[in-house]
Amino acid sequence: MTQTAALGPLAGVKILDLTHVWAGPLAVRYLSDLGAEVVKVEAPFGRGPQVFPYAPLGGWLGGEAGDDPWNRNAIFAKLMRNRRSLCIDLKSETGRNTLLELVAEADVLMENFSARAMPSLGLGYEELRRSNKRLIYVTMPGFGHEGPLKERVAFGPTVEAMSGLTEMLGYGPEEPRNTAMALMDPITALNSVAAVVTALQERETSDEGVRIEMSLHEGGVAYSGPWLIDWQLGKPNQSMGNAHPELVPHGVYRCAGADQWLALACCNDDQWRSLAELLGLETSWTRQVRQAHTQQIDAAIDLWLAPLSKQEAAEKLQAIGIAAGPVNTVPDMVADPQVESRGFFVPYERFNTPMPGTPIKMEGVDPDTWSACPALGADNASVLADWLGLSEETIAELASAGVLHDKPPM
Amino acid sequence: MTKVLEVGGYAAGYAGRLFVRAGYDVVRVEQGVKPAWASQQAMNAYLHAGKRRVSLDVPIADLADAADIVICEADRADDLVKLGFDAWSTPVKVALTPFGRTGPHANWVASPNTILAMGGYTNLMGDEERVPLTLPGHYLEFQTGAVGYSAAVAAAYAKRSAVADIGMLETLMSLSQFTTVLWHCAGQIRGRHGSDFWSVAPSDLFRCLDGWVYVNIVPTFWDPFLALLGVPDLVLDTRFETNDGRREHRDDLRELIAGAFIRMTRVEIDERAATYRVPLGVVRTMDHVLAEPHLEERDFWEAIETESGATVKSPGLPYNIANRPRVAHRTEAVR
């Protein structure tokens with residue numbers, strides 16, 4: 001058998017990955033980093049056409065489209081490590097039946113299509129369960145499969161507006177902002193990981209599979225929990241810009257150079273005494289007094305920071321025990337000595353492209369065992385042989401019948 | 001029942017919240033009050049309902065040795081050592097710290113806003129010519145808590161002893177969208193553009209008659225969006241035929257959209273979004289979220305009894321495993 005899984009605690013767990021875009025693939029990446037064996041089930045056009053009309057959002061692996069641009073989309077590859085690729089036409093009866101045979105061998109199937117997609121392929125949960133009653137099935141419709149909003153189109157940024165976060169983020173109550181980062185997706189991704197490991201553990205005693213529904217909307221609302229409770233307790237919160245309801249000073253301050261900034265927080269009175277000595281302010285001010293002098297304190301910080309680079313300022317403040325950190329761009333992050341020393345960015349991908357690693361450092365979770373994003377359909381034969389025991393002849397027939405692909409059709 | 005010991009702040013607290021709802025017996029050791037973006041009463045109700053809570057003067061090593069899993073959050077790597085983390089005999093131990101347990105910054109002082117800055121989030125939020133914005137709330141800690149929970153349960157599933165070292169900065173960087181590959185593969189540094197997603201137009205926040213609305217109109221939805229706005233003839237305007245054209249004429253487009261939305265109410269926009277199936281989110285304030293019929297119908301809320309005896313609605317689990325009913329929890333005082 002081709003070994004593509006990492007060696008973590010989920011070694012032996014077989015996942016069929018039918019996810020796309022961000023939340024789903026990110027969740028599967030986390031599970032693969034923990035050792036799960038993942039087969040990426042892809043549609044022939046799942047990575048786009050043979051000829052791309054424009055460069056993808058994150059650029060090309062290696063900097064150019066090359067002869068196989070569909071395999072070089074950097075943002076796609078970033079999420080697709082530690083997988084084998086099976087490119088199969090699920091709209092054909094043979095393709096659909098082959099998937100159901102794979103389902104019989106799988107522990108987990110994850111998809112994040114719209115609510116209608118899987119049933120329309122004849123692959124709804126009940127159908128999958130008939131093939132494997134121990135299957136853990138994860139579906140991620142934006143608003144869930146039930147409820148008045150179930151048919152609404154959901155993208156991360158639009159759901160964020162409905163979660164409560166947009167009311168709290170911004171320059172003040174009259175100037176709300178959206179993160180414009182589709183934050184509901186990484187929230188849903190990590191919730192999905194938690195849900196899958198929970199279900200795997202519970203299956204050890206129940207011996208039954210389960211259907212898990214992830215709603216982008218509920219994931220976002222869950223993160224607003226404390227604010228929602230405060231509102232019911234008669235303590236409404238509101239957007240405060242970069243200020244904090246309890247910490248003074250707390251903010252983002254300008255440093256020397258264009259668009260260079262430093263984040264700083266004074267977390268207690270001890271830290272304040274150190275900071276006040278540095279700034280030439282009154283060291284005895286309590287938090288309440290500091291709140292009354294916020295403008296004066298912020299002005300003193302601005303003055304002190306004006307000639308300093310953000311890295312230099314962070315080092316000086318950390319040296320006296322103040323929470324401070326530069327507002328980093330990606331090149332700043334990559335060059336950060338802490339990030340370098342822990343080897344967070346790892347160059348397992350083609351062209352030695354550095355990719356974000358995993359935050360989980362534990363025995364068996366080893367980036368040295370990771371594999372790059374496979375080419376589309378690169379593992380058609382090995383997956384069908386390893387999982388289903390199909391012969392070379394049968395696999396060749398499936399390919400010639402147009403059920404299997406290794407490039408997007410013309 | 002599997003025993004979990006939880007030590008630390010809001011990241012460990014969030015992990016413990018997930019353990020409680022998965023049926024584990026969770027004991028939380030309180031270490032004093034950490035600054036929060038909401039009241040302590042709300043934080044306790046949200047995070048700690050269903051746990052037993054004890055004060056720091058209890059023999060923590062004894063509790064750890066008796067537990068199956070420890071989730072221990074500390075402000076700095078050395079604080080873990082002071083707690084005795086390394087000596088605990090618990091089969092599964094998970095350490096949550098701002099920078100991880102090793103490296104030159106392992107003992108740097110941190111707060112969520114400094115980690116969000118160092119992890120690349122802050123640089124992307126806010127307006128281009130203004131100060132970047134930090135993210136309010138506890139995203140950083142809750143996401144780290146979710147990672148800690150998953151690592152612990154995965155180790156328990158494998159029936160392995162395990163020690164996990166999880167850094168908040170690395171958790172954040174693992175969740176970057178396309179910023180890292182944009183730099184490494186295209187040599188571009190992503191900037192901030194207010195609420196505008198920038199690569200898709202229109203994708204921005206607009207004021208309406210009684211609130212705000214966010215739209216994210218990828219090309220598939222352009223025609224129905226114009227119908228929603230009540231300007232279907234705009235489909236003939238060659239400036240806006242393609243996403244590239246809409247990006248090029250972004251300011252003109254923004255003005256047109258703003259002019260249409262400012263005459264509509266939130267309710268009207270919501271109704272139109274449903275009718276025309278357009279990806280759009282009317283900004284909900286907290287009272288709107290609490291009153292959302294969709295969440296009521298999905299039985300999303302838990303009933304939590306706070307320390308003061310009030311019963312509040314709190315979000316249920318963010319995942320729905322086979323339609324499990326939500327449960328009620330009490331917030332116990334520290335003993």
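In chain A, the loop between α2 (74–79) and β3 (83–87) holds A:N82, a residue that has a positive phi of about 55° although it is not a glycine. This description rests on a predicted model, and within that model A:N82 is buried, with a relative accessible area of 0%. In chain B, B:K159 also has a phi near 55°, a positive value in a residue other than glycine, but B:K159 is exposed, with a relative accessible area of 65%.

**Loops and peptide bonds**

- B:K159 belongs to the loop of chain B that lies between α6 (139–157) and β6 (162–167).
- In chain A, the peptide bond that joins A:V248 and A:P249 is cis, with an omega of about -5°, and A:P249 is found in the loop between α10 (225–232) and β9 of that chain.
- In chain B, a cis peptide bond runs from B:A201 to B:P202, with omega near 0°, and B:P202 sits in the loop between α8 (179–186) and β7 (203–208).

**Chain A as a whole**

- The secondary structure of chain A consists of 18 helices and 14 strands, and its C-alpha atoms fill a box of roughly 80 × 50 × 45 Å when this is taken along the principal axes.
- Of the 410 residues in chain A, 60% are buried, while the chain exposes about 14,700 Å², of which carbon and sulfur atoms supply 51%.
- When contacts in chain A between residues at least 6 apart in sequence are considered, 68% of them join residues at least 24 apart.
- Chain A carries 32 positive and 52 negative side chains, and the centres of these two sets lie 2 Å apart.

**Chain B as a whole**

- Chain B contains 14 helices and 13 strands, and the box filled by its C-alpha atoms, taken along the principal axes, is roughly 75 × 45 × 35 Å.
- Buried residues account for 61% of the 335 residues in chain B, and the accessible surface of the chain comes to about 11,900 Å², with 52% belonging to carbon and sulfur atoms.
- Among the contacts in chain B that link residues at least 6 apart in sequence, 63% are between residues at least 24 apart.
- There are 34 positive and 42 negative side chains in chain B, and the centres of the two sets are 4 Å apart.

**A three-stranded sheet in chain A**

- Three strands of chain A form an open sheet in the order β9-β10-β11, and their pairing is antiparallel.
- The edge strands of this sheet are β9 (250–254) and β11 (323–326) of chain A, each of which pairs on one side only, and neighbouring strands are turned by 20° against each other on average, with direction ignored.
- Strand β10 (residues 261–265) of chain A runs antiparallel to β11(A) and is joined to it by four bridges, and within this part of the sheet A:L262 stands opposite A:P326 in β11(A).
- Helix α13 (residues 294–305) of chain A packs on the sheet, where it touches β9 and β10 of chain A, and its direction makes about 35° with that of β9(A).

**A three-stranded sheet in chain B**

- In chain B an open sheet of three strands has the order β11-β10-β13, and here the pairing is mixed.
- Strands β11 (311–315) and β13 (329–330) of chain B stand at the edges with a single partner strand each, so one side of each is left without a neighbour in the sheet.
- Strand β10 (residues 301–305) of chain B pairs with β13(B) in the parallel sense over two bridges, and B:E305 stands opposite B:R330 in β13(B).
- Helix α1 (residues 10–21) of chain B packs on this sheet and touches β10, β11 and β13 of chain B, with its direction making about 105° with that of β10(B).

**A covered strand in chain B**

- Strand β5 (residues 92–97) of chain B is mostly covered, since six of its six residues are buried.
- In a regular strand, side chains alternate between the two faces of the sheet.
- From β5(B), the residues B:V92, B:V94 and B:L96 point one way and B:K93, B:A95 and B:T97 point the other way, and all are buried.
- Strand β4 (residues 69–73) of chain B pairs with β5(B) in the parallel sense over five bridges, and B:V70 stands opposite B:K93 in β5(B).

Terms used: Residues numbered from 1 in each chain as written. Chains lettered and ligands numbered in written order. Predicted model: local features only at pLDDT ≥ 70, side-chain atom pairs only at ≥ 80, totals over all residues. Heavy atoms only, no water. Buried < 20%, exposed > 50% of the residue type's maximum accessible area, 1.4 Å probe, protein only. Contact = heavy atoms within 4.5 Å. Areas by Shrake-Rupley, 256 points an atom, 1.4 Å probe, with all protein chains shown as cover. Lys, Arg positive; Asp, Glu negative; His and termini not counted. Charge placed at Lys NZ, Arg CZ, Asp CG, Glu CD. Pairing = 2+ DSSP bridges. Axes fitted to C-alpha atoms, helices over the stretch in contact; angles between N-to-C directions.
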